[in-house]
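Open the structure in your viewer and keep the selection tool ready.

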Amino acid sequence: MIAVEVEGGVWSRGRHVRGAGYLADLEKYNAAVVMGWRVLRYTPQTLERLKDDLCALLKREKAN
């Protein structure tokens with residue numbers, strides 16, 4: 001299972017980079033990993049890498 005998180009507000013002090021929001025995100029990411037999810041994290045500016053990252057991850061899985 002693969003989840004994708006798009007972190008907004010990185011440069012504008014959005015929820016993901018402020019204390020309470022950051023702590024809540026840590027809990028969410030850790031819970032996802034415990035449940036077997038792999039979480040790929042992006043900003044809106046880096047989201048174009050998603051396709052390449054997914055392809056690399058799936059190729060790696062297929063090789064194992």
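Select Lys-28 first. Lys-28 is partly exposed, at 38% relative accessible area. On this scale, buried is under 20%, exposed is over 50%, and partly exposed is in between (1.4 Å probe, protein chains only). The model is predicted: local features need pLDDT of at least 70, side-chain atom pairs count only at pLDDT 80 or more, and totals for chains, interfaces and linings use all residues. Residues are numbered from 1 along each chain as its sequence is written, and side-chain values use heavy atoms, with hydrogens and water left out.

A salt bridge here is a side-chain nitrogen of Lys or Arg within 4 Å of a carboxyl oxygen of Asp or Glu. Helices (H or I, at least four residues) and strands (E, at least two) are DSSP runs, numbered from the N terminus. Glu-5 is buried, at 15%.

Now select Asp-25. It meets Lys-28 in a salt bridge of 3.5 Å, N to O. Both lie in helix H1, three residues apart, about one turn. Asp-25 is buried, at 2%. Show Glu-5, Asp-25 and Lys-28 together: salt bridges link them in a network.

Move to Arg-38. Which residue forms a salt bridge with Arg-38? Select Glu-61: the closest N and O atoms are 2.6 Å apart. Arg-38 is partly exposed, at 38%. Glu-61 is partly exposed too, at 40%.
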